[in-house]
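Dear colleague,

I am passing on the structure we spoke about, with the sequence alongside it. My notes on what was found follow below, and I would be glad if you read them against the coordinates.

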Amino acid sequence: MSAIPPLVVEDLTVAYDRHPAVHHLSGRFEPGSLTAVVGPNGAGKSTLVKALVGLITPAQGRISTGKLRRRDIAYLPQQAEIDRSFPIMVADTVALGHWGRIGLLRALTGAMKHEMAHALSAVGLEGFEARPIGSLSVGQFQRVLFARLLLQDAKVILLDEPFNAIDAKTTADLLELVARWHGEARTVVAVLHDMDQVRSHFPDTLLLAREQIAWGPTATALTAEHLLRARHMAEAWAENAGVCAPDRRIA
């Protein structure tokens with residue numbers, strides 16, 4: 001991979017109806033890092049990832065992606081946000097990973113079709129090309145989405161609950177792909193819930209409870225003290241908290 005700039009957030013506040021979901025967060029995802037984002041339900045984890053990818057405009061603060069182009073950042077949303085009733089085949093879904101490079105109107109080359117077949121083989125779905133995505137299990141569909149990520153060949157990969165509600169075998173296989181991306185010095189950020197999984201596979205962790213509780217090496221971030229503090233902050237959240245003043249800066 002060519003040089004990857006860090007993802008930097010400075011005094012970042014992201015709000016819905018001007019009520020903060022992420023509040024005054026500052027820090028950086030270092031180039032080539034593998035970071036889990038964890039915290040209580042409603043802690044702002046998914047909101048942060050959507051802000052990093054540009055789907056939500058911050059209410060305050062700054063996100064810096066350096067000279068990364070939009071196609072340099074790949075984003076995998078939660079499966080619940082994807083409409084699987086659309087009549088599209090596995091091969092066409094995976095092929096979407098090429099769009100960042102060729103656009104919507106250009107046809108796939110033979111080499112691109114070969115890459116697509118290789119990606120499906122890499123996630124254990126060789127021979128699934130002609131199946132409609134609506135016929136797949138949750139785990140199979142997640143493998144399809146990871147195959148699409150392989151084709152995107154992005155420098156930064158943002159994953160929102162990538163292992164939620166999928167079987168243990170699929171989780172293990174996809175974790176191997178995550179480890180591969182890390183070995184290739186890509187920057188990977190994943191929203192997760194399983195703390196044992198985080199401790200076993202993710203060197204760095206951001207513990208979030210709307211505000212930053214800890215951010216750094218996983219063993220340091222996930223101490224009992226930090227986890228207890230996050231829980232207490234979640235229990236103390238006031239949904240009628242004051243609004244945030246607008247101050248939008250993105251670079």
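How closely do the axes of H5 and helix H6 come, and at what angle do they cross? Please bear in mind throughout that this is a predicted model. The axes of H5 and H6, the latter spanning residues 168-183, come within 10 Å and cross at roughly 15°; since angles under 35 degrees count as roughly parallel, H5 is therefore roughly parallel to H6. The crossing is left-handed, and H5 contributes Gly139, Gln142, Arg143, Phe146, Leu149 and Leu150 to the contact, while H6 contributes Lys169, Thr170, Asp173, Leu174, Leu177, Val178, Arg180 and Trp181. By class, the residues of this contact divide into seven nonpolar, three polar and four charged.

H5 (residues 138-152) also meets helix H4 (residues 110-122), with axes that come within 9 Å and cross at roughly 135°, so that H4 and H5 are oblique to each other. This crossing of H4 and H5 is right-handed. On the H4 side the contact is made by Glu115, Met116, Ala119, Leu120 and Ala122, and on the H5 side by Ala147, Leu150 and Leu151; seven of these residues are nonpolar, none is polar and one is charged.

Leaving out residues up to four places away in sequence, Phe146 touches Leu76, Val123, Leu159, Pro162, Phe163, Leu174, Leu177, Val178 and Trp181. In soluble globular proteins, nonpolar side chains tend to be buried together.

Helix H1 (residues 45-53) is mostly covered, nine of its nine residues being buried; among these buried residues are Lys45 and Lys50 as well as Leu48 and Ala51. After H1 comes Gly54, with a positive phi near 95°.

Val198 is placed in helix H7 (residues 195-201), and it counts as buried because its relative accessibility is 0%. With neighbours within four places in sequence set aside, Val198 is in contact with Ala36, Val38, Leu192, Thr205, Thr218 and Leu222. Val198 and Gly66 are 132 residues apart along the chain, and their C-alpha atoms are separated by 27 Å.

Most residues other than glycine have a negative phi. Ala165, however, is not a glycine and has a positive phi of about 65°, and Arg210, also a residue other than glycine, has a positive phi near 70°. Ala165 is found in the loop between strand S6 (156-160) and H6, whereas Arg210 is found in the loop between strand S8 (204-209) and strand S9 (211-217). Are these two residues buried or exposed? Ala165 is exposed, with a relative accessible area of 65%, whereas Arg210 counts as buried at 16% relative accessibility.

With best regards

Terms used:
Residues are numbered from 1 along each chain as its sequence is written. This is a predicted model: local features need pLDDT of at least 70, side-chain atom pairs count only at pLDDT 80 or more; totals for chains, interfaces and linings use all residues. Side-chain values use heavy atoms; hydrogens and water are left out. Axes are lines fitted to C-alpha atoms, for helices over the stretch in contact, and angles run from 0 to 180 degrees between N-to-C directions. Helices (H or I, at least four residues) and strands (E, at least two) are DSSP runs, numbered from the N terminus. Angles under 35 degrees count as roughly parallel, over 145 as roughly antiparallel, 65 to 115 as roughly perpendicular and the rest as oblique. A crossing is left-handed if the near helix is turned anticlockwise from the far one by less than a right angle, and right-handed if clockwise. Contact means heavy atoms within 4.5 Å. Ala, Val, Leu, Ile, Met, Phe, Trp, Tyr, Cys and Pro count as nonpolar, Asp, Glu, Lys and Arg as charged, and the others, Gly among them, as polar. Buried means under 20% relative accessible area, exposed over 50%, partly exposed in between (1.4 Å probe, protein chains only).
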